Amino acid sequence: MPALRPAPLWALLALWLCRAAPARALQCRDGYEPCVNEGICVTYHNGTGYCKCPEGFLGEYCQHRDPCEKNRCQNGGTCAARAMLGKATCRCAPGFTGEDCQYSTTHPCFVSHPCLNGGTCHVLSRDTYECTCQVGFTGKLCQWTDTCLSQPCANGSTCTTVANQFSCTCLAGFTGQKCASDVNECDVPGQCQHGGTCLNLPGSYQCQCPQGFTGQHCDSPYVPCAPSPCVNGGTCRQTGDFTFECNCLPGFEGVTCERNIDDCPNHKCQNGGVCVDGVNTYNCRCPPQWTGQFCTEDVDECLLQPNACQNGGTCTNRNGGYGCVCVNGWSGDDCSENIDDCAFASCTPGSTCIDRVASFSCMCPEGKAGLLCHLDDACISNPCHKGALCDTNPLNGQYICTCPQGYKGGDCTEDVDECAMANSNPCEHAGKCVNTDGAFHCECLKGYAGPRCEMDINECHSDPCKNDATCLDKIGGFTCLCMPGFKGVHCELEINECQSNPCVNNGQCVDKVNRFQCLCPPGFTGPVCQIDIDDCSSTPCLNGAKCIDHPNGYECQCATGFTGVLCEENIDNCDPDPCHHGQCQDGIDSYTCICNPGYMGAICSDQIDECHSSPCLNEGRCIDLVNGYQCNCQPGTSGVNCEINFDDCASSPCVHGVCMDGVNRYSCVCSPGFTGQRCNIDIDECASNPCRKGATCINDVNGFRCICPEGPHHPSCYSQVNECLSNPCVHGNCTGGLSGYKCLCDAGWVGINCEVDRNECLSNPCQNGGTCDNLVNGYRCTCKKGFKGYNCLVNIDECASNPCLNQGTCFDDISGYTCHCVLPYTGQQRF
């Protein structure tokens, strides 16, 4: 390594002028820089300066937080800051100790030292403590050897030391002093149900279940897919009684989709990127210089915040990296290393070199000075007088005196006459300047004081003004601005506001500070008792009564139906009882009659006619009763409302036909070939002379036979003429013709030639007393009042039109309705 050459003297002088020197050599750039944290830069007479730090900061540049800003020292301890380290220590008062002086020296931890075997005593409160034991010891006082240190307890059990012996607390499935013995759970019968085989395991057991069962004890029937054994979102499909198949999501495989398929083989990660497997995909973990899906995109380190190059270095981006051009004093790939300028420094032996950024300074021993501590310190002999600041010239070693205010000269021994300086009388307000050694003093005019007569004497300082008055200072005097209600030079007199007799209506005036108070007689209020109290304002009268105000009182005029001083009593309108057949309920100036069953009306005096709605059916006769009615039924009917029609067909009166029941009658619908009221007459089909050509007709049931003359004939002895040509069917279509004919009747017609109209009313289709009119192939019902519908089955709701007025309640009856009125309304109630 080549020898270090001493730096030229001019270079060292430049370095001394430009370096970040100790406080005495600091130079102010303006009122603040280079001070930080709002420190103020103060300049000495010789051009050097120092940083005056705000509260809470210290250091050469105010760069350190004052660790004593929040004094943590307790019990009278004093905080002492170590500025270079930014830390603080507490100097404790006698009788206290600890990092924050928080412990009393009389605590057991410091008196009896209770923790044994090297244990550390920790204070918990005034009289309690806790011992932290050294390795190998345990107990409250670290008095026992830690027998658990060798870990004697096996199989995850818990070890506890008591009196130099260990005790093991075993987990389930293990036993023994050291929990080393496995419990054979299979020795207990019935562990596995349904023929399952018990398999003992360390600390537990497992049941091998037969086909069709599952669960820890083989106690549950095995149903594939319930619950689903497929994991990772796989879908279970049952393929047999005890088999299943898992349909896995993309990226998984295995019988139960338990394996994540490794997607990293044949990955595309470049530039040193590491493949990280995902689910049905993969990601590339790129090195810091690369980014993008496959680590193919260069990271511009120069755009990062903060910049990749530190300490003001200039960053240049490169593909896969970056380069830094460092400012003077820094080096390294990212300009983070401070160049050690002391490695090339020429400080005189015995001095200490302090490295800085792109510079260094030499800390000289006592008696030496200069940039390199190569000069004798001329300030050792204290040549500067009057407390002047002595500096040594770094070039020639001579002393330089920075004189305090009031002195001048090379060694600061000459007094400065401040009073003789032109146009600069230091005394203000016409004060007289008197020069003294190293200073001056001012003889002030009356009303002024201070070193320079700059202070106006505050005559208000003695608080001459009374009763919270404001004192206004003047030259040689003061003025009191009184609070409202006071007067006098010192505001010592209270004004009597009652002198003007402000209270009216015989109110009594009470004087107060800057005000008065009127004590009003009963019935009056207001600031001066000018308001007559409205005794009705509290609405004392009840139940809608009218309140009339009087002086110191009121009167209630009650609404109809109420009485009493406050109209609080409701007059009983049920005394005497107005209800004939009911119970009276008192209201406000009214009453309501709750009628007994069977009665109606405002006073329950009208008996309800239950027959008005014609409740008796099938022409039954209605007899009105109290709260009811009675139906006298026509022959053939019965029931409460004559609604039951006796079955007149029960005796089977129709011999050859179907019986149709009516009201106290029946009708027979005869089978083909029969007629008569009871279908007991055989129709003589020969009556119409169906046989031709002189044949003999023999009557049969619903037919006839023809005995023809000799010779070939049709069975009916018809000739070969088409019988349908004569249109024998009156209301129907003719079929056949050559061998006889048959009529297919239209709907509603019967008979051989469809000449008889069928009576549809014979089945009594019209209900509830309706009248049936027979029509061709049908019928029409004329309903009784109160019913409607094709067969008169629908009871008309007469209440649907809301016929009851004034909130009356409508009750539907048969062929009518009844209104229950709300008092005080009445009127026609039933229709």
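Helices (H or I, at least four residues) and strands (E, at least two) are DSSP runs, numbered from the N terminus. With that in hand, the protein chain has 2 helices and 80 strands. The radius of gyration, taken over C-alpha atoms, is judged here against a globule rule of 2.2 Å times the number of residues to the power 0.38. For this chain the radius is 64 Å, well over the 28 Å that the rule gives for 831 residues, so the chain is more spread out than a compact globule.

A word on the source. This is a predicted model, in which local features need pLDDT of at least 70 and side-chain atom pairs count only at pLDDT 80 or more, while totals for chains, interfaces and linings use all residues. Residues are numbered from 1 along each chain as its sequence is written, and side-chain values use heavy atoms, with hydrogens and water left out.

Back to the whole chain. Taken along the principal axes, the C-alpha atoms fill a box of roughly 185 × 110 × 75 Å. I will call a residue buried under 20% relative accessible area, exposed over 50%, and partly exposed in between (1.4 Å probe, protein chains only). By that cut-off, buried residues make up 28% of the 831. Contact means heavy atoms within 4.5 Å. Among contacts between residues at least 6 apart in sequence, 19% join residues at least 24 apart.

Now the core. A nonpolar core is a set of buried Ala, Val, Leu, Ile, Met, Phe, Trp, Tyr and Cys residues joined through side-chain atoms within 4.5 Å. Which residues make up the largest one? There are 8: Cys379, Cys384, Ala388, Cys390, Cys401, Cys403, Tyr407 and Cys412. Another core, of 7 residues, lies apart from it and includes Cys264, Cys269, Cys284 and Cys295. In soluble globular proteins, nonpolar side chains tend to be buried together. Cysteine 384, from the largest core, is in contact with Leu389, Cys390, Tyr399, Ile400, Cys401 and Asp411, leaving aside neighbours within four places in sequence.

Strands pair if DSSP finds at least two bridges between them. Strand 37 and strand 38 (residues 399–402) run antiparallel and are joined by 4 bridges. Cysteine 390 has cysteine 401, in strand 38, as its bridge partner. The two strands form a hairpin with 6 residues between them, and glycine 397 in the turn has a positive phi of about 80°.

Threonine 392 lies in strand 37, which covers residues 389–392. Is this threonine buried or exposed? Threonine 392 is buried, because its relative accessible area is 17%. A polar contact is a pair of N or O atoms within 3.5 Å; within protein, one must be able to donate a hydrogen and the other to accept it, and residues adjacent in sequence count only if both atoms are side-chain atoms. The side chains of threonine 392 and aspartate 377 make one, at 2.6 Å. Beyond four places in sequence, threonine 392 is in contact with residues including Ala369, Cys379, Gly397 and Tyr399.

In the loop between strand 36 (375–376) and strand 37 is asparagine 382. Its phi is near 55°, a positive value in a residue other than glycine. Asparagine 382 is exposed, at 59% relative accessible area. Cysteine 792 also has a positive phi, of about 60°, although it is not a glycine. Cysteine 792 is buried, at 0%, in the loop between strand 77 (787–788) and strand 78 (794–795).

Next, tryptophan 290, which lies in strand 27 (residues 290–291). With a relative accessible area of 15%, tryptophan 290 is buried. Among the residues that tryptophan 290 touches, not counting those up to four places away, are Cys295, Asn319 and Gly320. Tryptophan 290 and asparagine 319 are 29 residues apart in sequence and 8.8 Å apart in space, C-alpha to C-alpha.

Last, the cis peptide bonds. One joins glutamate 33 and proline 34, with omega about 5°; proline 34 is in the loop between helix 1 (9–18) and strand 1 (40–43). A cis peptide bond also joins aspartate 575 and proline 576, with omega about 5°.
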